[in-house]
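These are my notebook entries on one protein structure. I record what I looked up, entry by entry.

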Amino acid sequence: MTDLQALLFDVDGTLADTEKDGHRVAFNRAFADAGLDWDWTPDLYGELLAVTGGKERIRYYLQNFNRDFDAPEDLDAFIRGLHAAKTDHYTRMLAEGAIPLRPGVRRLLEEARDAGLRLAVATTTTPANVAALLNHAIEPGAMDWFEVIAAGDIVPAKKPAPDIYAWAMAQMGLTPAACIAFEDSRNGILSSQGAGLKTIVTVNDYTRDDDFGKAAIVLDQMGEPERPFTVLAGDAGGAEHLDLDLVRRLHAG
Ligand code: XBP
Ligand code: MG
């Protein structure tokens, strides 16, 4: 049995509930800026989440939900421009404090830091978005809590491909056996488990009905001492919130 050395965190949906009130709204603002009448409603956005990555999601939307759109000749540049505007909106929203961390996230991060565990991020989202979230929802400089930020286009194949987790572990010189991942979605767990990682899942409204297969445990949230989690699958051994002790037991289990 290898000792637990590092916690690897997904960002969107796991550290914070960023999709419906963050990314989705930022996409719509970028579309409006460009004079487009596209409206990504919360329901439509749930379908679009099938594809990870904002640029990839816009392309998927055009191919599957807006086929009549008269696309410009240089579609790649058009999508890149829309996505850059979306990132501007999104990072500004986070700087205004629009999205807090999910319950228990800060507590667990601090406990892990105190215990000398190594932390990393493995996400599909743009690096600037990760910086904005960590530095505003935690505290200025909180980005430095994480030894590696594996994000966005750093690997060409986004989740569900395992590449982003594999890249993060390679940077840290760690094997999957020494790590555990935190995810919120099926695409996320396909990626983490594809990279050989045990995975703790905290669901959100978009991912509650996803198939999480062999997750170490599936919870509705990490929870706090006064705000217990609900176990959706697996065994918390009597624990009522996700602390390092439970993380270690799930890693060893
Ligand atoms: C997050 C994503 C991202 C964000 C948008 O997945 O799929 O595409 O929705 O981010 P994960 P960008 O939770 O697995 O990281 O627009 O910056 O791509
Ligand atoms: Mg996620």
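Predicted model: local features only at pLDDT ≥ 70, side-chain atom pairs only at ≥ 80, totals over all residues.

**Entry 1**

I began with His89, which is placed in helix α4.

I then looked up Asp33, a residue of helix α1. With 57% relative accessibility, Asp33 counts as exposed. What joins the side chains of His89 and Asp33? I found a polar contact of 2.6 Å between them. I also checked a pair of C-alpha atoms here: those of Asp33 and Ala85 are separated by 8.3 Å, although the two residues are 52 residues apart along the chain.

**Entry 1: The magnesium ion**

Which residues are the protein donors of the magnesium ion (ligand 2)? I recorded Asp10 (OD), Asp12 (O) and Asp184 (OD), which lie 2.1 to 2.2 Å from the ion. Written along the sequence, the spacing of these donor residues is D-x1-D-x171-D. Asp12 lies in the loop between β1 (6–9) and α1 (19–33), and Asp184 in the loop between β4 (179–183) and α8 (186–194), so this pair ties together parts that are 172 residues apart in sequence.

I looked up the accessibility of both residues. Asp12 is buried, at a relative accessible area of 10%. Asp184 is buried as well, with a relative accessibility of 5%.

Gln63 is partly exposed, its relative accessible area being 49%. From C-alpha to C-alpha, Gln63 and Asp184 are 26 Å apart in space, and they are 121 residues apart in sequence.

**Entry 2: Thr202**

Thr202 belongs to strand β5 (residues 198–202). I noted a relative accessibility of 2%, so Thr202 is buried. Which residues does Thr202 touch, not counting residues up to four places away in sequence? My list has Gly13, Thr14, Arg102, Glu183, Asp184, Leu219, Gln221 and Met222. One of these, Asp184, is a donor of the magnesium ion.

**Entry 3: Helices α4 and α6**

Two packed helices are described by the angle between their axes and the distance between the axes. I looked up both values for α4 (residues 75–95) and α6 (residues 127–138): the angle is about 5 degrees, and the axes are 9 Å apart. Helix α4 is therefore roughly parallel to α6, because angles under 35 degrees count as roughly parallel.

On the α4 side, the contact involves Lys86, Thr87, Tyr90, Thr91, Leu94 and Ala95. On the α6 side, I listed Ala128, Asn129, Ala132, Leu133 and His136. Sorted by class, the contact of α4 with α6 has six nonpolar, four polar and one charged residues.

**Entry 4: Helix α5**

Helix α5 covers residues 105–114, and I found Val105, Arg107, Leu108, Leu109 and Ala112 buried in it. What do the buried residues of α5 pack against? They pack against β1, β2 (118–122), α6, β4 and α9 (244–252).

The angle between α5 and α9 is about 75 degrees, and their axes are 10 Å apart. The two helices are therefore roughly perpendicular to each other. Leu108, Glu111 and Ala112 of α5 make this contact with Leu244, Asp245 and Val247 of α9. The residues of this contact comprise four nonpolar, no polar and two charged.

**Entry 5: Two backbone details**

Most residues other than glycine have a negative phi, and most peptide bonds are trans. I noted Gly116, which follows α5 and has a positive phi, near 80 degrees.

Which residues does a cis peptide bond join? The bond is between Lys159 and Pro160, with omega about 15 degrees. I placed Pro160 in the loop between β3 (148–150) and α7 (163–172).

Key. Residues numbered from 1 in each chain as written. Chains lettered and ligands numbered in written order. Heavy atoms only, no water. Donors = N, O, S within 2.8 Å, 3.2 Å for Na, K, Ca; no water. Helix = DSSP H or I, 4+ residues; strand = E, 2+ residues; numbered from the N terminus. Buried < 20%, exposed > 50% of the residue type's maximum accessible area, 1.4 Å probe, protein only. Axes fitted to C-alpha atoms, helices over the stretch in contact; angles between N-to-C directions. Parallel < 35°, antiparallel > 145°, perpendicular 65-115°, else oblique. Contact = heavy atoms within 4.5 Å. Nonpolar A, V, L, I, M, F, W, Y, C, P; charged D, E, K, R; others polar. Polar contact = N/O pair within 3.5 Å; in protein donor to acceptor, adjacent residues only side chain to side chain.
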